[in-house]
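User: I would like to go through the labels attached to this model and ask, for each one, what value stands behind it.

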Amino acid sequence: METFDPADLPELLKLYYRRLFPYAQYYRWLNYGGVIKNYFQHREFSFTLKDDIYIRYQSFNNQSDLEKEMQKMNPYKIDIGAVYSHRPSQHNTVKLGAFQAQEKELVFDIDMTDYDDVRRCCSSADICSKCWTLMTMAMRIIDRALKEDFGFKHRLWVYSGRRGVHCWVCDESVRKLSSAVRSGIVEYLSLVKGGPDIKKKVHLSEKLHPFVRRSINIIIKYFEEYALVAQDILENKESWDKILALVPETMHDELQQGFQKCHSSLQRWEHLKEVTSRCQSNVKNDKCGPWLEWEIMLQYCFPRLDINVSKGINHLLKSPFSVHPKTGRISVPIDLQKVDQFDPFAVPTISSICHELDLISTNEEENEAESDVKRRTRDYKKTSLAPYVKVFEQFLEKLDESRKGELLKKSDLQKDF
């Protein structure tokens, strides 16, 4: 794969926005079938340009306007905001207080830095294959809940391009939700609570909520390989002391002694399970039970959501197909059917797809009669961006089907009268 050099970004972005960015699909998404007049025109876009020049409240009439502006500006980052009461580009001309965010997809932002207290392989912006499993578990847990507990149908998962994932829930009813309802949903999906000073961040009781139980069932499938082998969370005294801080003090001595005799995290975890189950059979109280080990598993593996991103309707979130200026990786949609195989390091970089495009151009005679649109459609399909655009298209097809179904339902209802 072509190595990415940030110094090449301005030139690469020119080529990317001219020949590779999937404008047609992108517009098809944010226009939502054109069912609501001016829906796209009232959407806020924000561009971050070279040298961190930041431009908010941009809006466009149509796909062609958006294309022209992106090709002119070559943004280093694209953020998508809310659909407003007026065109965002005219927000300065609107009477004070009248310019209001009205609708937006329900979004989730999961960032690996929020797990720095529990991952041992990397910290801050760094990620590796050992800790990426945290994102896999997060996507599985949150997606299952959105689908089964809330009944949300249209969920687009996207790799951020560096160290996390985003989810866009696009159902029509969801886009209309108030901030209060959004807050309630994020609250429901949050279990790990408390800042850096609080050691124990998960508290369960005997009566487990079905959401918690189902989440534990997902974590169990990954826990041994991820936490006990890859992260080695009980490797030495320093690491197991962190876990002892999460269980009642009455168990510390027995656990310490047992841990010293064991030779691996796997053995120490088995010892911890034995001690907690013995404690449970001897003392019937709230402090002992299988939920003790579940609390540890949840604290180490459960998704950590940025609540503010989800509850604010006017909050911006990085757009799919944006390029990460530090890694050069494209912010690509993730196929949830293959979430376990998703590898952030295999994601195409802007250098690699532009290089692939150069090879195509030199190997083929350019057909002058071919329109720019046709050429561009053909271009991205011949690069490693193609499978990711296909995932996006499949998502859009489901959105279209659901819209047609709703329209049919409405026309059938009208016939009844």
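User: To begin, in which loop is V247 found?

Analyst: The model is a predicted one, and in it V247 is found in the loop between α8 (237-244) and α9 (252-261).

User: What makes V247 count as buried or exposed?

Analyst: The relative accessible area of V247 is 7%, and the label buried applies under 20%, so V247 is buried. Leaving aside neighbours within four places in sequence, V247 is in contact with H252, L255, L292 and I296. V247 and E293 are 46 residues apart in sequence, while their C-alpha atoms are 8.6 Å apart in space.

User: How do you know whether D51 and D52 are buried or exposed?

Analyst: D51 has a relative accessibility of 64% and D52 a relative accessible area of 68%; since exposed means over 50%, D51 counts as exposed, and D52 is exposed as well. D51 lies in the loop between β1 (43-49) and β2 (53-58), and D52 is found in the loop between β1 and β2 too. As for the backbone, D51 has a positive phi of about 60° although it is not a glycine, and D52 likewise has a positive phi of about 60° without being a glycine.

User: What makes C301 and C354 count as buried?

Analyst: C301 has 0% relative accessibility and C354 has 2%. With the limit for buried set at under 20%, C301 therefore counts as buried, and C354 counts as buried by that criterion too.

User: Where is F211 placed, and why is F211 called buried?

Analyst: F211 has its place in helix α7 (residues 210-230). Its relative accessibility is 2%, and because buried means under 20%, F211 counts as buried. Apart from neighbours within four places in sequence, F211 is in contact with I141, R144, A145, D149, Y188, L189 and F302. By contrast, E67, 144 residues away along the chain, has a C-alpha atom that is separated from that of F211 by 43 Å.

User: Why are α4 and α7 called roughly antiparallel?

Analyst: Helix α4 (residues 129-149) and α7 pack at an angle of about 170°, with their axes 10 Å apart. Angles over 145 degrees count as roughly antiparallel, and α4 and α7 are therefore roughly antiparallel to each other. Their contact takes K130, C131, T133, L134, T136, M137, R140, I141, R144, A145 and D149 from α4, which meet F211, R214, S215, I218, I219, Y222, Y226 and A230 in α7. The residues of this contact divide into 11 nonpolar, 3 polar and 5 charged.

User: What makes α7 and α11 roughly perpendicular?

Analyst: The axes of α7 and helix α11 (residues 290-301) come within 10 Å and cross at roughly 75°. Roughly perpendicular covers 65 to 115 degrees, so α7 and α11 are roughly perpendicular to each other. From α7, the residues V212, R213, I216, I219, I220, F223 and Y226 meet W294, M297, L298, Y300 and C301 in α11. By class, the residues of the contact between α7 and α11 are 11 nonpolar, no polar and 1 charged.

User: Which residues make up the domains, and how many from each take part in the contact?

Analyst: The protein is divided into domain 1 (6-187 + 304-414) and domain 2 (204-301). The centres of domain 1 and domain 2, taken over C-alpha atoms, are separated by 38 Å. The contact takes 18 residues from domain 1 and 18 residues from domain 2.

Note on methods:
Residues are numbered from 1 along each chain as its sequence is written. This is a predicted model: local features need pLDDT of at least 70, side-chain atom pairs count only at pLDDT 80 or more; totals for chains, interfaces and linings use all residues. Side-chain values use heavy atoms; hydrogens and water are left out. Buried means under 20% relative accessible area, exposed over 50%, partly exposed in between (1.4 Å probe, protein chains only). Helices (H or I, at least four residues) and strands (E, at least two) are DSSP runs, numbered from the N terminus. Contact means heavy atoms within 4.5 Å. Axes are lines fitted to C-alpha atoms, for helices over the stretch in contact, and angles run from 0 to 180 degrees between N-to-C directions. Angles under 35 degrees count as roughly parallel, over 145 as roughly antiparallel, 65 to 115 as roughly perpendicular and the rest as oblique. Ala, Val, Leu, Ile, Met, Phe, Trp, Tyr, Cys and Pro count as nonpolar, Asp, Glu, Lys and Arg as charged, and the others, Gly among them, as polar. Domain bounds come from an automatic or database domain assignment.
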